Amino acid sequence: MQGTKNLTKGPINRQLFNLAMPIMATSFIQMAYSLTDMAWVGRIGSEAVAAVGAVGILTWMSGSIALLNKVGSEVSVGQSIGARNEQDARQFASHNISIALLISICWAALLFLFANPILRIFELKEHITENAVTYLRIVSTGLPFVFLSAAFTGIYNAAGRSKTPFYISGTGLIMNIILDPLFIFGFGWGTVGAALATWLAEATVFGIFIYKLRYKDDLLGGFPFLTRLKKKYTRRIFKLGLPVATLNTLFAFVNMFLSRTASEQGGHIGLMAFTTGGQIEAITWNTSQGFSTGLSTFIAQNYAAGEKSRVKKAWYTTLWMTSIFGTLCSLLFIFFGSEVFSIFVPEPEAFRVGGDFLRIDGYSQLFMMLEITMQGVFYGLGRTIPPAIISISCNYMRIPVALFLVHMGMGVDAIWWAVSATTIAKGIILTAWLILIKRKIL
């Protein structure tokens, strides 16, 4: 097929590595958008970080919704390529982009119009809430760029060309790094400057994707971006992508509740520690997500082509690589949590509380990588429901566990332990599920 790579033949380790590394680097770049903002805003003070962190929960929720079409593209287009059906691959690509545009416009409008009542959920001081409302309204207008870029990324990943999204996202990150200090301190715009820098970077990434697909890359024969939706393709995309998007969106709702509890127990310092600590933890999450997405793409093509032995070997190889990295991240967070946190927010009280979060959360990092690797196997096989069931169930258990531990007098640490314990449970249960059904499907 035009512009695609055949992953059903050739050295498995090299193909997995070549797929995973650009995806992982792209994930790090997307994480770096938030961390760059946080690092510069942290120089303003912990209150400014709390405002951006409150909005960060909502932008995370937005990214979770965007996964519907990112995963929908990776699996539907990837399986069509593996089955050598270019017509379906083109149709799935066009449908994913059209659906992403419709959803993003509706969601952005909702956040823009109801920014004030949504952010009052966190019960922050009035001036912090006002800053957060302004920040959210700016970044919400850029959400169509984010959703469409996610769909474009999924299509490139499905085609085995994961380097292209990496280079494009890297351009946006460099732009954000340059604009952040200029807008925040040079022009004196504070958190508004951070929002504008992110908006311009996201718009640039979107523009480059459009240019590449229209004028440079003949991917899938130059498929149309927008199309009239057909039931056959739309249903398949929602079947594949909706469980993943629901999983991550409900996860964001849980984190919104936990963020409010952190604010109640520790004020804006508690909220700041939870939101900033979560973004630092994304070092582990994004690494495992990169391997998982590469594994999903590889399995989608090979499973559709009947190459089950290659599927098994790819699974075991990826598991070995992610286990090593998960162990290293656990050691970093457990023994150097405060030092890592102080890089982003240098206030002593802030990095003391944030260091406690990273230390407790560090015990679960290996299990997080285990869970996300297993998700990649399930997604590549077209079975996106089992990971959703496990993740939703365990994530929602965080609420009663956290409330119970708060009642026991553990304060804000109760939230950190609830997060760590349920993450460990997810990794163990999902792995056991895959092992139980392995003989039937592989």
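Helix 2, residues 46-82, packs against helix 9, residues 231-304, in this predicted model. The angle between them is about 10°, and their axes are 7 Å apart. Angles under 35 degrees count as roughly parallel, so helix 2 is roughly parallel to helix 9. As for what the contact of helix 2 with helix 9 is made of, its residues divide into 28 nonpolar, 20 polar and 4 charged.

Helix 10 covers residues 308-342 and helix 12 covers residues 365-380. They pack at an angle of about 155°, again with a stated axis separation, here 7 Å. The cut-off for roughly antiparallel is over 145 degrees, and helix 10 and helix 12 are therefore roughly antiparallel to each other. The crossing of helix 10 past helix 12 is right-handed.

Which residues make this contact? From helix 10 there are Trp 315, Thr 318, Leu 319, Thr 322, Ser 323, Phe 325, Gly 326, Thr 327, Cys 329, Ser 330 and Phe 333. Helix 12 contributes Gln 365, Leu 366, Met 369, Leu 370, Thr 373, Met 374 and Val 377. Sorted by type, the contact of helix 10 with helix 12 has 10 nonpolar residues, 8 polar and no charged.

Last, one single residue. Ile 385 is found in helix 13, which spans residues 385-407. Is Ile 385 buried, partly exposed or exposed? Its relative accessible area is 49%. Exposed requires over 50% and buried under 20%, so Ile 385 is partly exposed. On distance, Ile 385 and Thr 191 are 194 residues apart along the chain, and their C-alpha atoms are separated by 39 Å.

How values were computed: Residues numbered from 1 in each chain as written. Predicted model: local features only at pLDDT ≥ 70, side-chain atom pairs only at ≥ 80, totals over all residues. Heavy atoms only, no water. Axes fitted to C-alpha atoms, helices over the stretch in contact; angles between N-to-C directions. Helix = DSSP H or I, 4+ residues; strand = E, 2+ residues; numbered from the N terminus. Parallel < 35°, antiparallel > 145°, perpendicular 65-115°, else oblique. Nonpolar A, V, L, I, M, F, W, Y, C, P; charged D, E, K, R; others polar. Left-handed = near helix turned anticlockwise from the far one by under 90°. Contact = heavy atoms within 4.5 Å. Buried < 20%, exposed > 50% of the residue type's maximum accessible area, 1.4 Å probe, protein only.
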